[in-house]
Each structure stands twice: as structure tokens, then as C-alpha cells.
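This briefing concerns the salt bridges of one protein model. Please look at the sequence and the structure before reading on.

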Amino acid sequence: MSSASAPLLPLVFDEPRRAKRPPRHLADLTPDERREAVTQAGLPGFRAAQVSHHYFSRLVDDPAQMTDLPVGLRAPLAAALLPRLLTPVHTLTADGGTTRKTLWRLHDGALVESVLMRYPNRATLCVSSQAGCGMACSFCATGQAGLQRNMSTGEIVDQVVAAARALAAGDVPGGPARLSNVVFMGMGEPLANYAAVIGAVRRMIEPPPAGLGLSARAITVSTVGLVPRMLQLADEGIPVTLALSLHAPDDELRNELVPVNTRWGVRQAVEAAWNYARVTKRRVSIEYALIKDVNDHAERADALGDLLTSYGDWGWVHVNLIPLNPTPGSQWTASRVEDEREFVRRLEAKGVPTTVRDTRGREIDGACGQLAAATS
Ligand code: SAH
């Protein structure tokens, strides 16, 4: 674990730092708690399951469309379970409409973004878990603005329900579709908002009407490397996919790119990722943004390959290279194509499966690391 001399960064904020919590929403609650909330509002408890069915199975949150509920109960039930959490400010599209970035305003005015990407055989939503981010990674737009606050489980889930609704309604070119994947790669560090994120994952995987019925494997939690939380996640018994944002195989460079590295270094972070694969039998992803002349040297590819294979070659890991999406004011840019190719070649030569991420949504500032809602 951390050495006593490591600087204690303000890293793990599980308690929201705001005065007023977001209103309680059915997505924050278990089915029993929903029933309880409805009873406390003086309404018949069994109605909670009907509202859950509308929200999670039908993706409906408009009381007028809940025609199996008595007219007089619709408004009070909606007030008890379905307060408005997200208000769309605007939606930008790219890639012929198949990439959609939505800017949301939360109840207290905080702004967050989510990005929906439709592919021929899947549709992935990139969700935010915090308004802003406290991790301060030097190449990431969200990191530059600092942390505003944690999002609630309901606020996280409602992004997913909104995307599933848009797909089901045929709002995305290609005909009506189902949402298949969710990645926690929007704004925020999900493991710094652990309880709310786990709650959201549970809601996403519970079968309807308790939840959305997504596959845990189709949900990716991406972390900067909060080692104690990675170890905790491994023991949670939910086989989500874990991604570790490494970006450098050596502490000297990673300290610069990812400041949390001064608390938990490269070895500790990679070991926690390996532990996750060992415990869950799920292959983990190592995320590596390729930055021209900063971290894309051939020696670093070799060092990364050696580091990963030192934990064995049983298929526990693959590397996902992300061409850097330049952020405003940064002097950094994406690697040359030939350096990217050489980086891939060297990793593969060491037996490490490697992919290069496509950069959907770049022109709408919707690509990885570009989300910075306060300025859009
Ligand atoms: N806090 C989480 C999620 C962040 S966003 C994490 O650190 O993993 C998802 C990925 O995008 C991370 O790997 C992050 O490091 C990467 N990223 C951030 N800024 C980027 C940029 N400008 N270009 C490319 N990738 C970036």
C-alpha cells in the first residue's frame, strides 16, 4: 500500500461535497425501498413495482403515459419516485448521427455529458459519474476543471435510461435498437464515487422491472488506479469489465501524466488490475493514450510489454491504445502513425493483445478526455 512519505492527495471523496443532495429517485432505491417510499407518501405500496416497470422496462418516465395507473395517482407517484434529475441542455451529433453527445443540467445547475455511440452490432453509452473530476490528469479536459461533486446513483442510471429510450424510439439512425454497453469513461473517476457507481451498476444489471437487465460484462468501469477500490471491486462479485488508465509504464512519467500515481504507483496499479483478472476471470484493459514524443517511444512499448507479461501470459490483459484527443491549450498531440504502429507491433511481439481505439465524436468534443461541460 502507500508509503508514509507519499503525499496525501485529496483522492477519495465518497461523500458528496454539496449542501443539497439530488432528489431521491426510484433508481436510487431497491424494490423494497421503492415500496417503502410509496407507502410513506400515503400511496399503495404495490404501485411502486408498476412505476419501476414503466421506467426500466418501458423506459417511460412521463406519468401521462402510465395508463395502467389511476389518473389521480400518476402525479403523486411520479413525485415520490420520478423527480426530474437530468435536463437536456443540448445534443450534438457526429458520424452521420450515430454518435450523440448530450449535455445535461443537474438539479443544482452542475453540468455533465454522456456520449452515445451506435455501431453496426452494438450501442455503447459513455456515462459520467462525477460533475468534473478531482484526478487532474494533465492531458484530460475534465481533469483541468477540478471536481464539482459526485453524482448520485439515480443521476448515473438516468443517463443510461435516456440513451436506451432514444435508441428504442429510433432517434438514432439505423432503426430502433437496444443499448448493449455502458462505459464509465465520461466525466469523473468512478471509483472515487464508489458507492453510487456500484449502486448504478446493480440497477443496470438487475433484470426488469427492478433494473435494466444489461449484462455485467457489457459494463466497463475505467479507473485512474485507485488501488484500494480496485481490490474492493474485485471482491464485489459483479463481473464488470475493468479498465486501468495507465498511460506510462514507469513512475517518473506517470507521476506527471496521472498525479494519483504518486499515491499508488505503476506496479501497485497493475498488480491490482491483475488481481481483478485473477479473482473475476475477466480480462482487464490497460488504457494508454498515445501522446506524441511523450509516452510513445519504442522503449516504453517494450517496458509496458515486459511489465504486463511479468504477471503471466494467461490472457489476463489487453492494451487499448487511444490516440490522444488534444484538449484546448495543451501543447500535446496524438502520436505519428508510424510510432503508433511500432508501439502496437512491439506489444504484440511480447504477446500482449493490443487494439487502437477509434476516435468517435472528435469533432463534437465527445471523444475520450474531451468532456468539459462547463465550457461547452
Ligand atoms: N477517470 C476514469 C475515466 C476517464 S475517461 C479513468 O481515468 O480511467 C476514459 C479514458 O480516457 C481514460 O483512460 C483517460 O485517461 C482517457 N483520456 C483522458 N483524456 C484523454 C485525451 N485527451 N485523449 C485520449 N484519452 C484521454
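D61 is partly exposed, at a relative accessible area of 33%; here buried means under 20% relative accessible area, exposed over 50%, and partly exposed in between (1.4 Å probe, protein chains only). The model is predicted: local features need pLDDT of at least 70, side-chain atom pairs count only at pLDDT 80 or more, and totals for chains, interfaces and linings use all residues. Residues are numbered from 1 along each chain as its sequence is written, and side-chain values use heavy atoms, leaving out hydrogens and water.

**Salt bridges overall**
- The whole structure holds 14 salt bridges, each a side-chain nitrogen of Lys or Arg within 4 Å of a carboxyl oxygen of Asp or Glu.
- One network of salt bridges links D302, E342, R345 and R346.

**The D61 and R165 pair**
- A salt bridge joins the side chains of D61 and R165 (3.5 Å, N to O).
- D61 lies in the loop between α2 (47-57) and α3 (71-81) and R165 in helix α5 (residues 153-168), so the pair ties together parts 104 residues apart in sequence.
- Helices (H or I, at least four residues) and strands (E, at least two) are DSSP runs, numbered from the N terminus.
- R165 is partly exposed, with a relative accessible area of 26%.

**The salt bridges of R336**
- The side chain of R336 meets that of D293 in a salt bridge (3.1 Å, N to O).
- R336 lies in the loop between β11 (317-323) and α11 (337-349) and D293 in the loop between β10 (284-290) and α10 (298-309), so this pair ties together parts 43 residues apart in sequence.
- R336 also forms a salt bridge with D339 (2.6 Å, N to O).
- R336 is partly exposed at 32%, D293 at 45% and D339 at 22% relative accessibility.
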